[in-house]
Amino acid sequence: MSEQVGVVTWISGPVVRARGSRYVGMLELVEVGEDRLVGEVIGLNGDIITVQVYEETSGMKPGAPVYGTGLPLSVELGPGLLKSIFDGVQRPLPLIEIESGSFIGRGMRLAPLYRKDRWKFNPTAKVGDVVSRSAIIGTVMETETFEHRIMVPADLFGTLTWVAPAGDYTIEDPIAKLKVGNEEKVLTMLQRWPVRRPRPYMTRMRGTTPLITGQRVLDTFFPVSKGGAAGIPGPFGSGKTVTQHSIAKWADAQVIVYIGCGERGNEMTEVLQEFPHLVDPRSGRPLMERTVLIANTSNMPVAAREASIYTGITIAEYYRDMGYHVALMADSTSRWAEALREVSGRLEEMPAEEGYPAYLAGRLAEFYERAGYVETMNDHIGSVTIVGAVSPPGGDFSEPVTQHTKRFIRCFWALDKSLSSARHFPSINWLDSYSEYLDDVADWWQEKVGKDWLKMRNHAMELLSEESRLSQIVKLVGPDALPDEERLVLETSRLLREGFLQQNAMDKVDAFSTIQKQIRMLELILYFHERGLRIVKHGAPISLIHNLPIVDTLIRMKSVVPNEELEKMDDIQKQIDDQMSQLDVEYR
């Protein structure tokens, strides 16, 4: 039972000060008031304890007790995480709804993982084995298709003195005994880990494999490697959430952790209602069977929003340590930063730019640096890829959260309100976006598709950049003032925009493109440009090229040619040759 360590003397929203014991630890989990509201120690000054409370403090009065637990804010890790929906401090929302209805009751504490479920444990280690930290000692089928690897806790190592035989166990039943020095520790399938402490790994490696999302503008033009970090900034209504949903559904990660951090309640409701019904395109099973959802909406206590990011990344690292590739979606880090700003204001700290605390950049760095492609302590290879949405007010990318985020990520997917208004989705602006992973993943592309992807991608980007420059001239003097070679650039860029970059998430054929389809589509559009350039130099007017039937075919091929029928692309190339050759004969 936790003992009283202080008495509340000052309350300001989620921040509480108490006078009490000098033996309370920094970042210790405490319980405040008669309702035992969950909080975390964030400041110590003599016998004055400053606590960040993760629940609504209305009605609390000075004199209320503060109880210490002696433990840091931690998450429970073990079988049963997948398919779960938690709040920011890992309380199971479906169970809370059963207990207290639509709103979380004050001081409600429910175990994150269900204790009575029995899991079929198959040992893979034996008595006498010397095991390292995070060593795998057995497996459990967490869902019908997902193998949960039971690991030694990441802070223990020693010799196994007993291993349970294969059978059904709860997460609290002993499954092994480990001799650590002169002590014998009992191991269960349930572990706890402090959320603010990164889990250890052996070696961080350079990520050379892209996270394939099936979204052409991301995979072909601005790829992020597995273990990398990407940011999606964009104003309200530009499609951040839908883009993250598409990545969550189609990305070739084995586990998805989706954090709804401070987003509107109705938007998060759509996620919670939609995800359980989505089908994993790879296994045909429900997508939730490899997904963990963390929902901390804008009407929930603001301090818990700050904790939700750490809860999510710790769960992601746990699956990484099993040797899995994990994709984490944080929607949105701006709301998380606003929670930092509010708590900082309550603490009366000196504000920096736009009222954010001076340590904003440090906190963002701590979060994004927990992404990585690593060799785990048990000699597996795993990764955590972070995709963080940013919601700059008014779409102003010069505001602090966007600017600091750019310092710690290597892939920037800038959403454009004008593109979304024109119904161009994903509304990622190809001129403002960038990826620093191009050289890292180039060899992988060469190996998988057998073509110089990087050269083709750079050529396409040159055409799109040239189109931007020419568009300014066209606005002033009209297209007729341009020479035909430059008008062909405009035509090819239109094909790239409408036939390649634009993608319909509601179209069964177009929602997901394999890398083979992506590279073939790009190859055909560039081939069209190359043939057209030759004919224009022979004197053919650009209007004839614009009116060729193949132009509409190239725009429609994304939704006409399925991923499994790429031989149809050869017919399209033959049509380009036939129609261009006919023009070439006329003007040669």
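This is a predicted model: local features need pLDDT of at least 70, side-chain atom pairs count only at pLDDT 80 or more; totals for chains, interfaces and linings use all residues.
Local features rest on pLDDT of at least 70 and side-chain atom pairs on pLDDT 80 or more, whereas totals for chains, interfaces and linings use all residues. Residues are numbered from 1 along each chain as its sequence is written, and side-chain values use heavy atoms, with hydrogens and water left out.

Six strands close into it in the order 1-2-5-4-3-6, with antiparallel pairing. On average, neighbouring strands of this sheet are turned by 45° against each other, direction ignored. Strands here are DSSP runs of E with at least two residues, helices are runs of H or I with at least four, and both are numbered from the N terminus; two strands pair if DSSP finds at least two bridges between them.

Strand 4 (residues 37-45) pairs with strand 5 (residues 48-53) over six bridges, and L44 has I49 of strand 5 as its bridge partner. Strand 6 (residues 65-72) is joined to strand 1 (residues 3-12) over four bridges, with G68 of strand 6 facing E3 as bridge partner.

Turning to the helices, helix 5 (residues 302-321) packs on helix 6 (residues 333-346) at an angle of about 130°, with their axes 8 Å apart. Axes are lines fitted to C-alpha atoms, for helices over the stretch in contact, and angles run from 0 to 180 degrees between N-to-C directions. The two helices are therefore oblique to each other (angles under 35 degrees count as roughly parallel, over 145 as roughly antiparallel, 65 to 115 as roughly perpendicular and the rest as oblique). The contact (heavy atoms within 4.5 Å) involves V302, R305, E306, I309 and Y310 of helix 5 and R335, W336, E338, A339, L340 and E342 of helix 6.
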